Amino acid sequence: MERIKLILESPAYHKYLLKIEEKEIERPFCRHNFQHFLDVARLAWIFVLEEENYSRDLVYAAALLHDIARWQEYEGKGCHALLSAKLAEP
């Protein structure tokens with residue numbers, strides 16, 4: 001799972017997680033932390049197990065990155081889904 005290794009070793013990924021943590025310090029439920037990303041990955045993998053066109057590596061990578069720009073949305077920079085796609089690109 002080379003893709004996952006690259007994500008987890010990325011300094012930018014860890015920087016974005018910290019930025020989300022700072023923005024959600026007062027949020028009582030469903031913080032967008034690493035546990036959230038893993039939960040989404042596990043659920044997504046369960047949903048696609050019967051499909052033939054998905055690899056676990058791809059599903060987990062998408063889940064780990066799906067909310068990575070949440071902090072930018074808190075700063076009023078736009079939709080976190082679109083911004084996350086841009087941050088995930090490299």
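Modeller: Start with contact, which means heavy atoms within 4.5 Å. Keep in mind that this is a predicted model.

Colleague: Then which residues does Asp57 touch, not counting residues up to four places away in sequence?

Modeller: Asp57 touches Met1, Glu2, Arg3 and Ile4. Asp57 itself lies in helix 4.

Colleague: Is Asp57 buried or exposed?

Modeller: Buried means under 20% relative accessible area, and exposed means over 50%. Asp57 has 15% relative accessibility, so it counts as buried.

Colleague: Now one of its partners. Where is Arg3 found, and what does Arg3 touch?

Modeller: Arg3 is found in helix 1. Leaving out residues up to four places away in sequence, Arg3 touches Asp57, Leu58 and Ala61. Its relative accessible area is 39%, so Arg3 is partly exposed.

Colleague: At what angle do helix 1 and helix 4 pack?

Modeller: Angles under 35 degrees count as roughly parallel. Here the angle is about 20 degrees, and the axes are 8 Å apart. That makes helix 1 roughly parallel to helix 4.

Colleague: Which residues make the contact?

Modeller: On helix 1, they are Glu2, Arg3, Ile4, Ile7 and Leu8. On helix 4, they are Asp57, Leu58, Tyr60, Ala61, Leu64 and Leu65.

Colleague: How many of the 10 residues of helix 4 are buried?

Modeller: Seven of the 10 are buried, so helix 4 is largely enclosed by the rest of the structure. The buried residues are Asp57, Val59, Tyr60, Ala61, Ala63, Leu64 and Leu65. They pack against helix 1, helix 2, helix 3 and helix 6.

Colleague: Which residues of helix 2 are buried?

Modeller: Tyr13, Tyr16, Leu17 and Ile20 are the buried ones. They cover an arc of only 100 degrees around the axis, which puts them on the same side of helix 2. On the other side, Pro11, Glu21 and Glu22 are exposed.

Colleague: What do the buried residues of helix 2 pack against?

Modeller: They pack against helix 1 (2-9), helix 3 (34-48), helix 4 (56-65), helix 5 (70-74) and helix 6 (80-88).

Colleague: Which residue caps the N-terminal end of helix 2?

Modeller: For a cap, look for a side-chain atom by the backbone at the helix end. Ser10 does this: a side-chain oxygen lies 3.3 Å from the backbone nitrogen of Ala12.

Colleague: What about the loop between helix 2 and helix 3? Is His32 buried or exposed?

Modeller: His32 sits in that loop between helix 2 and helix 3. At 4% relative accessibility, His32 counts as buried.

Colleague: With which side chains does the side chain of His32 make polar contacts?

Modeller: One partner is the side chain of Glu24, at 2.6 Å. Another is the side chain of Arg70, at 3.2 Å. With residues up to four places away in sequence left out, His32 touches Ile20, Glu24, Arg27, Phe37, Asp67, Arg70 and Tyr74.

Colleague: Asp67 is on that list. Where does Asp67 lie?

Modeller: Asp67 is in the loop between helix 4 and helix 5. At 5% relative accessibility, Asp67 counts as buried. Asp67 touches Ile20, His32, His36, Phe37, His80 and Ser84, again not counting residues up to four places away in sequence. Asp67 and Phe37 show how sequence and space can be read together: they are 30 residues apart in sequence and 7.9 Å apart in space, C-alpha to C-alpha.

Colleague: One last residue. Where is the place of Arg31?

Modeller: Arg31 is in the loop between helix 2 and helix 3. At 37% relative accessibility, Arg31 counts as partly exposed. A polar atom of the Arg31 side chain lies 3.5 Å from the backbone oxygen of Glu24.

How values were computed. Residues are numbered from 1 along each chain as its sequence is written. This is a predicted model: local features need pLDDT of at least 70, side-chain atom pairs count only at pLDDT 80 or more; totals for chains, interfaces and linings use all residues. Side-chain values use heavy atoms; hydrogens and water are left out. Buried means under 20% relative accessible area, exposed over 50%, partly exposed in between (1.4 Å probe, protein chains only). Helices (H or I, at least four residues) and strands (E, at least two) are DSSP runs, numbered from the N terminus. The arc is that of the directions from the helix axis to the C-beta atoms. A polar contact is a pair of N or O atoms within 3.5 Å; within protein, one must be able to donate a hydrogen and the other to accept it, and residues adjacent in sequence count only if both atoms are side-chain atoms. Axes are lines fitted to C-alpha atoms, for helices over the stretch in contact, and angles run from 0 to 180 degrees between N-to-C directions. Angles under 35 degrees count as roughly parallel, over 145 as roughly antiparallel, 65 to 115 as roughly perpendicular and the rest as oblique.
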